[in-house]
Amino acid sequence: MSNNKLKLLTDELDNKSLSTGTGLTIELIEGDNSDDVSVAQILVEGREELPIYMTVDEGQILCITYLWHEREVKSGMRADLMDVLLTLNVSVPLSAFSKIGNQYIIYGALSPDSNVNDVLLEIEVLSDNALEAIETVSEFLNEE
Amino acid sequence: MNILKKLISAIRGGANEVGEAVVDTQAIRILEQEMRDARTELDKAKTSLTEIMAEKMGIERKVTELGKSIAEHEGYVEKALEKGDEALALEVAEKIADSENELMIQQGILDGYANKVENLKHLINTTERNMKAMEREISIVKTTEKVQKANEMASAKFSGSDSSLRSAKESLERITQRQRKREDQTKAAMDLDIETGDQALESKLEQAGILADKTSASAVLARIKAKK
């Protein structure tokens, strides 16, 4: 049922673009069985390096972007980075920082009743926030 | 242990593994088993709630009947007294006293049942809420696992080998370069627009004879000769 909602949203997103006119490429990665979670991969034109992953479950719509891996954090600066992220968290509009495994992520959660325009705004803001976040904390990250 | 703690250990357990799995699937399976157990318990609680409510209704009926019977017999006592039959009045009064004692006992049982029903309803509500929260958490863990897999797949497909090793800074660099290039192109296109616009205006002015013709060699020669 949640996967149906995701399918519906991705179909609607397919011919939309962001307020800046930037195009989107969407690919639905369906679960292996009916119990499995489906994920939509959303590529923002010109920012293909930072894909957005969208999932829907009973409680929420999640949009997630991967930022950097734990190994990219300069040695000895992990605590400082954490402090900055935690402090920034409130002031970043609509998005929040988190971790999945060893990956730092930025994500936004929406009500499962959200419509396609809510999702579009989320994608636009999340994409901007992801870029800005990397720029902001780049002093804590290794070059390679 | 609360649900969040269990989830954290499930996620950490997964992250510490050598493989790419984010979630300790074994831990999730255990959580799901616990959910199933909780659901069985919940079903049991619901069944006993129905039973208790049925029993409570039976006792409510008894209490009403006793109340009616007492009122009815009080009428009989009055009538017996009106007729001056003291002995009959006393006999009926004894029956009323018995009924009143029985009513007290039944009322006590009824109150007890009402309490039980309240408690059970509360328990069922809380359990249902907890289970919903637990379901949500498990769903989130499964979701993040799926997203992780999708990201690995995508980065492998996206730009070939070593792509998953590409750093955030490199990505940022590529994206901003691309943006700058696009901005430059836009600016160049705009400049070109303005230039061609200017040219078009100039030639119109020339044609109209407002702007002087382009300097020609003969004009230069004529000017220099004139200076002498």
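Author: Buried area is the accessible area (1.4 Å probe) that two parts lose on being put together, summed over both. This is a predicted model, in which local features need pLDDT of at least 70 and side-chain atom pairs count only at pLDDT 80 or more, whereas totals for chains, interfaces and linings use all residues. Residues are numbered from 1 along each chain as its sequence is written, chains are lettered from A and ligands numbered from 1 in the order in which they are written, and side-chain values use heavy atoms, with hydrogens and water left out.

Reader: What area do chain A and chain B bury between them, and how much of it is on carbon and sulfur atoms?

Author: The two chains bury about 3000 Å², of which 61% is on carbon and sulfur atoms. Counted by residues in contact (heavy atoms within 4.5 Å), 39 residues of chain A meet 31 residues of chain B.

Reader: Which elements give two or more residues to the side of chain A that touches chain B?

Author: Between the chains there are 8 residue pairs in polar contact, with both residues at pLDDT 80 or more; such a contact is a pair of N or O atoms within 3.5 Å, where within protein one must be able to donate a hydrogen and the other to accept it, and residues adjacent in sequence count only if both atoms are side-chain atoms. The elements giving two or more residues to this side of chain A are strands E1 (24-29), E2, E3 and E4 (61-69), together with H3. E4(A) gives the most, with 5 residues. By class, this side of chain A has 15 nonpolar, 11 polar and 13 charged residues, where Ala, Val, Leu, Ile, Met, Phe, Trp, Tyr, Cys and Pro count as nonpolar, Asp, Glu, Lys and Arg as charged, and the others, Gly among them, as polar. Helices (H or I, at least four residues) and strands (E, at least two) are DSSP runs, numbered from the N terminus.

Reader: What makes Glu49(A) and Arg178(B) a salt bridge?

Author: A salt bridge is a side-chain nitrogen of Lys or Arg within 4 Å of a carboxyl oxygen of Asp or Glu, and the side chains of Glu49(A) and Arg178(B) meet at 2.7 Å, N to O. Glu49(A) lies in the loop between E2 and E3 of chain A and Arg178(B) in helix H4 (residues 168-207) of chain B, so the pair joins two chains. Glu49(A) also meets Arg174(B) in a salt bridge, at 3.8 Å, N to O. In total, 3 salt bridges are counted between chain A and chain B.

Reader: What does Arg47(A) touch, not counting residues up to four places away in sequence?

Author: Arg47(A) lies in the loop between strand E2 (39-44) and strand E3 (52-56) of chain A, and touches Ser127(A), Asp128(A), Leu131(A), Ile175(B), Arg178(B) and Gln179(B). At 14% relative accessibility, Arg47(A) counts as buried.

Reader: What separates Asp11(A) and Lys7(A) in helix H1 of chain A?

Author: Being 4 residues apart in that helix, Asp11(A) and Lys7(A) are separated by about one helical turn. Their closest N and O atoms are 3.2 Å apart, and the two form a salt bridge. Asp11(A), at 45% relative accessibility, counts as partly exposed, as does Lys7(A) at 36%.

Reader: Where do Lys44(B) and Glu41(B) lie?

Author: The side chains of Lys44(B) and Glu41(B) meet in a salt bridge at 3.6 Å, N to O. Both residues lie in helix H2 (residues 25-82) of chain B, 3 residues apart, about one turn of the helix. With a relative accessible area of 53%, Lys44(B) is exposed, whereas Glu41(B), with 47%, is partly exposed. Elsewhere, salt bridges that share partners join Glu48(A), Glu49(A), Arg174(B) and Arg178(B) into one network.

Note on methods:
Buried means under 20% relative accessible area, exposed over 50%, partly exposed in between (1.4 Å probe, protein chains only).
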